[in-house]
Amino acid sequence: MAYLASCLAIIAFAWYFHVESVSEKAHRSTIRPVFSHIPSWFHAILLGFFILRTSLYFSRANHVSFHPVDMLIQNLTAAVDEYRTRYHRNPPPGFRQWHDYAVNRSSLVIDDFDSIHNDLLPFWALDPLEIRRRTWEVISNPWNDIAGISIRNGKAEISPNVMPTHRWMLDGLVYLIDRFAPHLPDMDLAFNLNDECRVAVPFEDIEPMRTLGSRMSSTAQHPPLTFSSNRAAGWDPIPEEPIHDTPFIERSFQRTFTSFGSIGCPPTSSARTQNHWETSTLCTTCSSPHSLGAFLSNWTLSANICHQPDLASLHGFYLSPAAFKATHALYPVFSQSKVFGYNDILYPSAWNYMDKVKYDPTDDHPDVSFSEKKDTLFWRGATSEGVSPGSGTWKGMTRQRFLHLVNNINNTTPAQPILIPSPLPITQKTPNRKASYKYRLLSPADLASRIAAKTDVHIVDFIARCGGADCSDQAAEFAPLATPSDFQDHWSYKYLLDLDGAGFSGRFLPFLQSHSLPIKAALFREWYDSRLTPWLHFVPLDSRGHGFWATLGYFAGLKGNDLAKAHEKEAEVIAEKGREWAGKVLRKEDMEVYFFRLLLEWGRLTDDKRDELGFTMET
């Protein structure tokens, strides 16, 4: 079309010049044509340009300086080279099919799958047969709350002994895996049915396994390209009748930080050498390594519990989890999320892939631009983080603490830090700096009245997972309880608070997809965490909550202080950057690409010839 437009323009100009010239000679009008006396050389230039444009068009259409297949091979070669550089071994068999799959789905991420590498690294210390045996062991006992999915002849199927309550999840996983199952070897996979993670190997045991795994490299030029044909050799198939042996220990409704949480830390770490039971005051030595004042500066480090012994009393997962069955041995369990120190294998959750909670604005619930949204921080949820059986355990749980911090504005809540600007003396002012900042401790009542944004943070419908007086106490604390609302209502608000539940928060991805600003506090991490950058794609909060008011005050501004103006433009930029990036690297196609890569790696890891298997350009 561009070529045709150029040609038509050239012809039109040439014809106009010709008509004017003829008109001038015929009529000799006293009114000179606009383009009179056009020299012949100008016509020659137009003709030359027309010929050049035509030749370029047909050259572009019929000739290129490279063959497309050569370009694709070069991209594959680069991916193989990068893989060998990063992981010190050849890519697994099927890597070319995976690469084609990723390219065809416009995946921006081709090389950086360090999270898969880190999750699988210690399993290299186990014999492939032992890994397969342990898989069989955990999925054959229904008490374990672990379901099996088998891949045979390029087709995924759900194994026997599965609880019907989780059938939707397994159906979703089968649907997801079947997108690329024809390229996978036969294998059996163990999927955690609980929200809570399951595998916590002590530091003294897991570190030697990681070291051994990192030393097991293979970069042979001509490795075998295909997986073993009989991958079940040497072990029995899943029995028709369930077995009752289990490696898991039940600790539901009990504290788990010492027995299963901190054991993943070095013996000399604070989490293993110190106790911090006094939670009414902030443990500054716990928060300072990952903080800049009241603000969270290192999202990755904030998840590391080893310098944070106070977290033993500040999260439902460590205080009183609802369904906790865990092991200290390295068992191959695939989970949707995990906290630091656990060795579960992360995979893209069927919850997001099957749109159990979906970003789907409608005419009745539109997602307007950030500036058009209500100046409100919004959250709705349940008391599902852990169980409070009657001893007041709920007071330490993240969700309940944040609600108390936001809504309980009487004197029982400690004063909170906020950074207040004040004008500099005239002699100290510069064009770029007109104020100094100082932390002040203000009561929640004072903060709520000063910060320009409102808060609308409530438990929905009823108090869940409680017993005895803890039910009535929470009902009184969090009154009034909110009525259920449409999930799409979220898009009416500028600020969306996101908090852990019993595991990961299933609504964070929809929040990222919206024009609102996600503000997130969490210990649980998911498959995509390394793809997001805090303060660029979302706003991070320390799970203690001490930076909540200061963070909200920065974006929303303070009333009555001209120097503490709102930073809504910055908030909108983060919201839009997060939305744009999520639309590029957190799509369903990206979930498929990640899972495909994960299961190719798992296929090699569980193959008896794994030390030889690989893909190279030479083969």
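## Helix H6

In this predicted model, the buried residues of helix H6 are Pro 128, Ile 131, Arg 132, Arg 134, Thr 135, Trp 136, Glu 137, Val 138 and Ile 139. The helix is therefore mostly covered, with 9 of its 12 residues falling under the 20% relative accessible area that defines a buried residue. These buried residues pack against strand E1 (146-152), strand E3 (187-192) and helix H21 (588-605).

H6 runs over residues 128-139 and reaches 17 Å from its first C-alpha to its last, which is close to the 16 Å expected at 1.5 Å a residue. Its N-terminal end is capped by Asp 127, which places a side-chain oxygen 2.9 Å from the backbone nitrogen of Leu 129.

## Helix H19

Helix H19 (residues 548-556) is largely enclosed by the rest of the structure, because 8 of its 9 residues are buried. The buried residues are Phe 548, Trp 549, Ala 550, Thr 551, Leu 552, Gly 553, Phe 555 and Ala 556. After the helix comes Gly 557, whose phi is positive, near 85°.

A search of the whole structure finds 3 disulfides. One of them joins Cys 265 and Cys 306, whose sulfur atoms are 2.1 Å apart. This pair links distant parts of the chain, with Cys 265 in the loop between helix H9 (257-261) and helix H10 (270-273), and Cys 306, 41 residues apart from it, in the loop between helix H12 (299-302) and helix H13 (316-319). The torsion about the S-S bond is about -95°, so the disulfide of Cys 265 and Cys 306 is left-handed. Cys 265 is buried, with a relative accessible area of 0%, and Cys 306, at 9% relative accessibility, also counts as buried.

Cys 283 and Cys 286 form another disulfide, with their sulfur atoms 2.0 Å apart. Here the torsion about the S-S bond is about 65°, so the link is right-handed. Cys 283 counts as buried at 6% relative accessibility, and Cys 286 is buried with a relative accessible area of 1%.

## A partly exposed disulfide and the pairing order

Cys 466 and Cys 471 form a disulfide with their sulfur atoms 2.1 Å apart, and with 110° about the S-S bond this link is right-handed. Cys 466 is partly exposed, with a relative accessible area of 23%, and Cys 471 is likewise partly exposed, at 25%.

When the bonded cysteines of the protein chain are numbered in sequence order, the pairing reads 1-4, 2-3, 5-6.

How values were computed:
Residues numbered from 1 in each chain as written. Predicted model: local features only at pLDDT ≥ 70, side-chain atom pairs only at ≥ 80, totals over all residues. Heavy atoms only, no water. Helix = DSSP H or I, 4+ residues; strand = E, 2+ residues; numbered from the N terminus. Expected span 1.5 Å × (residues − 1). Buried < 20%, exposed > 50% of the residue type's maximum accessible area, 1.4 Å probe, protein only. Contact = heavy atoms within 4.5 Å. Polar contact = N/O pair within 3.5 Å; in protein donor to acceptor, adjacent residues only side chain to side chain. Disulfide = S-S within 2.5 Å.
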